[in-house]
Amino acid sequence: MPPISPLFDQEKLEKRAKNHNLPAFKTKQIFFELFKNQNIHREEMTTLSKELKAELQSEFSPISLEIIETVETHDTTKFAFKTHDGHLIEAIAMFHRQPEQHRKNNQSKLNRITLCISSQVGCPAGCLFCVTGKLGFTRNLSRDEIISQVLYANRRIKQKFGKKADGTLRGIRNVVFMGMGEPLLNYENMKQSIEILLAQERFSLGRRHITISTSGIIPGIKKLITDKIDVKLAISLHAPNQKLREQLMPITRQYPLSELMKTIDLYVQATNNRIFYEYIMIRGITDTPELASQLANLLQGKLAHVNLIPYNTNPALDFLESEPATMQAFKNKLEKSWITVTIRESMGRESKGACGQLGWEKIKKTAQA
Ligand code: SF4
């Protein structure tokens with residue numbers, strides 16, 4: 001059983017407050033250190049009393065993961081964590097900088113930071129183009145293991161960038177559930193993590209700054225509607241017909257594309273949110289003009305935005321990235337049908353932390369062993 005911190009459980013906190021063991025103001029002090037000062041170790045929390053620090057040590061350890069490696073590049077930091085039962089999971093922070101043409105004195109300004117987090121150890125979806133899919137599924141991450149990734153990343157960002165000119169700290173502004181795992185198959189823990197990410201006295205992120213990315217788990221999307229979880233929804237579509245989807249993403253055999261599209265319509269009716277469709281560009285497999293036409297037909301008239309994701313090559317897998325001209329032609333075809341499209345910039349390739357590459361370290365180590 002992964003460690004659970006009562007710090008993230010409102011009911012338990014209130015119980016303690018009632019028993020006067022932990023009055024509400026003390027909890028607020030801890031939250032201030034964790035979420036505003038971006039500290040995670042008690043020795044860094046200079047605003048807490050000695051007694052409170054001791055309590056934090058004995059009962060309230062906020063971090064449920066051990067960091068084992070941090071890989072830095074100009075635009076990304078990749079974190080490799082070990083769980084209490086010895087599994088490896090990864091998260092990657094992406095630093096979105098000002099486009100070159102808008103820079104003054106060649107200084108690149110940091111616009112925002114996005115953290116891509118994991119929701120499971122491995123993944124049961126088994127997508128053929130994804131390293132995580134090769135690992136298979138081990139277990140769900142707990143709410144605290146999900147939250148720990150964000151707390152740890154915020155601390156690292158503070159160390160890396162220091163304070164802004166106005167004296168405030170930089171931190172994660174966007175969280176995307178696009179790392180290892182299928183978040184809608186770990187629904188309860190994902191939901192509770194989102195509540196903590198949104199809560200004002202905690203991470204205080206805007207609901208438009210959180211994205212759930214799913215391979216199309218229909219019951220999970222229906223639950224999002226019932227529970228009114230109104231954050232951004234991204235569908236990993238990757239193919240515009242059932243046959244190719246099943247070949248590339250075995251889990252979709254259980255969730256036919258026609259049913260999925262009907263469920264998405266219900267979600268859009270309930271939320272009025274635009275849906276982001278993620279579509280991987282694999283040379284000769286997903287990038288043909290015929291498939292572009294099929295995709296245009298599938299999405300025509302829908303509240304949709306398509307992100308074309310260049311396939312990130314990896315020694316563990318046998319695919320190739322589409323040619324830039326092919327991607328552009330695919331984009332043009334969709335735009336002719338009035339569908340908005342972005343060719344996504346690939347971040348994290350150097351550190352093997354780009355889309356579909358998380359988990360590479362584990363595969364590499366197994367191969368070496
Ligand atoms: S692409 Fe996403 S859903 Fe598919 S195997 Fe990888 S982590 Fe799982």
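Does Glu335, at 32% relative accessibility, count as buried, partly exposed or exposed — which of these is it? In this predicted model, Glu335 counts as partly exposed, because its relative accessibility is 32%.

**Salt bridges**

- The structure holds 14 salt bridges, and one of them joins the side chains of Lys331 and Glu335 at 3.1 Å, N to O.
- Both Lys331 and Glu335 belong to helix H11 (residues 324-336), where they stand four residues apart, about one turn of the helix; Lys331, at 17% relative accessibility, counts as buried.
- Arg156 and Glu72 form a salt bridge through their side chains (2.8 Å, N to O), and because Arg156 lies in helix H5 and Glu72 in strand S1 (residues 66-72), the pair ties together parts that are 84 residues apart in sequence.
- Arg156 is partly exposed at 22% relative accessibility, and Glu72 is partly exposed at 33%.
- The side chains of Asp75 and Arg97 also meet in a salt bridge (3.4 Å, N to O), which links the loop between S1 and strand S2 (76-82), where Asp75 lies, to strand S3 (residues 88-97), where Arg97 lies, 22 residues apart.

**Second largest pocket**

- The second largest pocket has a volume of about 480 Å³, and of the 23 residues that line it, Gln38, Lys164, Leu169, Arg170 and Gly171 are the closest to its centre.
- Helix H2 (24-36), strand S4 (110-116) and helix H5 (143-161) each contribute at least two lining residues, with the largest share, four residues, coming from S4.
- The lining comprises seven nonpolar, eight polar and eight charged residues, and it draws at least three residues from each of domain 1 (6-58) and domain 2 (66-368).

Methods
Residues numbered from 1 in each chain as written. Predicted model: local features only at pLDDT ≥ 70, side-chain atom pairs only at ≥ 80, totals over all residues. Heavy atoms only, no water. 1 Å grid on protein atoms, 1.4 Å probe; cavity = no way out; pocket = protein on both sides within 12 Å on 5 of 7 lines; lining within 4 Å. Points joined across faces, edges and corners; volume = space filled by probe spheres on them. Nonpolar A, V, L, I, M, F, W, Y, C, P; charged D, E, K, R; others polar. Domains from an automatic or database assignment. Salt bridge = Lys/Arg side-chain N within 4 Å of Asp/Glu carboxyl O. Buried < 20%, exposed > 50% of the residue type's maximum accessible area, 1.4 Å probe, protein only.
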